[in-house]
Amino acid sequence: MAVSVTLPALGESVTEGTVTRWLKAEGERVEADEPLLEVSTDKVDTEIPAPASGVLSSIKVAEDETVEVGAELAVIDDGSGAPAEAPAQAEAPAAAEAPAPEPQPEPQPQAAPAPAQAREAPAQPAQAQAEAPQQAAPSGGAAEGTDVVLPALGESVTEGTVTRWLKSVGEEVEADEPLLEVSTDKVDTEIPAPASGTLLEILVGEDETAEVGAKLAVIGAAGAAPAQAPAPAQPEPQAAQAPAQPEPQAQPEPQAEAPAPAPAPEPQAAPAPAQAQPQAAPAPAQQAPAAQAPAPAQASGGEGAYVTPLVRKLAAENDVDLSTVKGTGVGGRIRKQDVVSAARQAAAAREQAAQAPAQAAPAGRGPAKAEPSPLRGQTVPMTRIRKVIAENMMKALHSQAQLSSVVEVDVTRIMRLRARAKEDFLAREGVKLSPMPFFVKAAAEALKAHPSINAKINDDGTVTYHDVENIGIAVDSEKGLMVPVIKGAGDLNLAGIAKKTAELAGKVRTGKLSPDDMSGGTFTISNTGSRGALFDTIIVNYPQVAELGIGATVRRPVVVDHPELGETIAIRDMVYLTLSYDHQLVDGADAARYLTDVKARLEAGEFEGELGL
C-alpha cells in the first residue's frame, strides 16, 4: 500500500514551505519517523519525518520548489520490492470483474463518480494529514509527557523569543541538557530540559515569542514516537474499511493522466493494470539505489555546511564565503544570523587589517586605503538584541535630562603599581590584574559618599537612594552591548573585583550570562577607551541616574608640581573620566564633586595593602 507524504502545518501563520534538501532518494528504504527531507519556511527550517516504513517510490516536489501546507511531497510504498505490488496486481482482475453487477441501475451511477474521487483521493488524505498536526499542536493531546515551559527570566521579564532549538523532534535529551535558546529584552539564555526522554513536539518555533509560563515543547519517555507519527497512520484504517481506496492511493500518477481516462467507469479496469506497471519501476531502483542517491546530494549545494535558499541569497549579497561560516542552527545549519555576523566580522577584520599597515608604515608613507564593507548598500533586519538596545537608548534619552562632565586624571601611580604586582597577583589570585578593578574600586567608594549618583527616580515622584553599590560593566560583544553586574562591588577588594570581572567577561564570551547576571545594577561603568577613544558622552543606563566613562590611557607630557623640583614637565599616564547624569536629580556641582573624589583616589594610588606590596 502507498502512503502519501504531505507538508504538515509548521506554524500558525505558515502557509507554504520550500523543499531545501531530500535526505533520501527514490528507491531507497526509509523507516518510520526517520528524517526524509528538509523544508524551509519564513520562520523556521525543519525536517519532515517519514510517516511510515517502506520504499520511497516517488518524489513529487523537487528541491528549491515551494508548495502549500497539505501538498503531497512524495509517496512511500510500505512493501519491499515486488511482493508489495503483488496485491495490486491481484486486485486488478477484481476490478475488471467489477462491472459484473451492471444490471442494477443504481450502483452504476454511484460507480461513475468513483474515478473522479479516485483521482482526487491523493489530495484529500494529504489535507487530512496536514490538519492532524494542527489539531495536535495547540491541544497537546497528541504528545503526552513532561511539558517544557518558559521559566521566569527576571523580575520585569514577561516574555521571550525562541532564537534557536538545540534539539529537534525525535531526538533524545537528558535532564538539564540545554534544549533551546531564548532571547529577552535583558539577556540571551539557554533553557535546560526538565526531564530525560524523547523530544516529542515543539510548539513554539524559532523567532516566535511566548509569554513566561507558556508551553514550548513536550518531552516523552525515551524511545517514544514524535507527535507527528500517528497522523499519517490514518489512511491505513481507511484502507481496511474501504478496500477500493488502496487503488487510488497507489496511483501517484493518475493526476497527470487524468485527462486520458475521462470516459466512464469501465475504463477504470484498464487504468488499474496500467497503473500497476508504473509502480513496478521503483523495484529496479531498489536494486540499484546507489545510482540514484547522488542526485539529491548534488542538488543540495556542495558547500560543506547546509544552507537554505534564503541564506544562500543573503550570503551572496554580502560576499560571505559559506564554507568559512560555522552554523549555529540544529545540526550545524547556517542561519541568517550567522551570515550577518560573518559579514560584520569580515568588515571588522578588514578595518583592522587596514589600520595595522597604517600604524606600522614608515614616515613619509600615507595610511593604507580602507576596503569598503560588504554591508555597503545592503538592507538587513536588525537583530533582536540590537532592537532592545535601541529601545533602551531612546527610552533613556526621552525619560531623562542628560548631560556630561569630564575630568582629567593622572594614573601614573596606578600603572606602576599594576606593573609591580601583576605577576604575583596572577599567581596568588588566578586572574590577571588589569587597570579596570582600580577604577571600579575608586568609583564604588565614592558612591557611598555621593548618594544622588547611586539612586533612582521612581514613577510616583519619589527617589530611592540605594544602600548597595551594584556596578554594571558595559561590555562590547558580538551580539551587541551587554551590561553584566558586579553585585556588592562597594564591599569587594581589588582581588574580588578582578575575579568577578573576569568571571562575567568569560560568560559574555561564551554566551552563558544569566538574567541574574544582568539585573540589579545601580550604577554603570563603560570603558570606552578600550577601543582608543579619549572620552565619550555616554548615555545613562536607564533607570539609573549616572554612568561613568573611562577613556583611553595616554602617555604624554604634562606639567606636574614636584616637591623638590617645583613645577616641571614630565611624561605621565593620563586618562579622561566622563560622568553622564540625569539633571533631574543630579546637579553639575554634584557630578563635579563625585568626579573629584574619584580622581583623588586614583591619583593617590594607595592600593599597596590590597596588592600585598
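## Around strand β20

Strand β20 (residues 471-476) and strand β22 (residues 485-486) run antiparallel and are joined by 2 bridges, with Gly472 partnered by Val485 in β22. Strands here are DSSP runs of E with at least two residues, helices are H or I runs of at least four residues, and both are numbered from the N terminus. Two strands pair if DSSP finds at least two bridges between them.

β20 also runs parallel to strand β23 (residues 523-526), with 4 bridges between them, and here Ala474 has Ser526 as its bridge partner. Then there's strand β21 (residues 481-482), antiparallel to β20 and joined to it by 2 bridges; Val475 sits opposite Met482. β20 and β21 make a hairpin with 4 residues between them, and Gly480 in the turn has a positive phi of about 140°.

## What you're looking at

This is a predicted model, where local features need pLDDT of at least 70 and side-chain atom pairs count only at pLDDT 80 or more, while totals for chains, interfaces and linings use all residues. Residues are numbered from 1 along each chain as its sequence is written, and side-chain values use heavy atoms, leaving out hydrogens and water.

## Strand β1

In strand β1 (residues 2-6), 5 of the 5 residues are buried (under 20% relative accessible area with a 1.4 Å probe, protein chains only; exposed is over 50%, partly exposed in between). Val3 and Val5 point one way, and Ala2, Ser4 and Thr6 the other. In a regular strand the side chains alternate between the two faces of the sheet.

β1 pairs with strand β8 (residues 72-77) in the antiparallel sense over 5 bridges, and Ser4 has Val75 as its partner there.

## An open sheet

Four strands, in the order β9-β16-β14-β11, form an open sheet with antiparallel pairing. β9 (146-149) and β11 (172-173) each have a single partner strand, so one side of each is left without a neighbour in the sheet. β9 is joined to strand β16 (residues 215-220) by 4 bridges, with Val148 partnered by Ala217.

## Aromatic pairs

There are 3 aromatic pairs (rings of Phe, Tyr and the six-membered ring of Trp with centres within 6.5 Å; planes under 30 degrees apart are stacked, over 60 edge-to-face, the rest tilted). Phe438 and Phe607 have ring centres 5.3 Å apart and planes at 80°, so the pair is edge-to-face. Phe438 is in helix α16 (residues 436-449) and Phe607 in the loop between α19 and α20, 169 residues apart. Both are buried.

Phe535 and Tyr576 are also edge-to-face, at 5.7 Å centre to centre and 70° between the planes. Phe535 counts as partly exposed at 44% relative accessibility, and Tyr576 does too at 25%.
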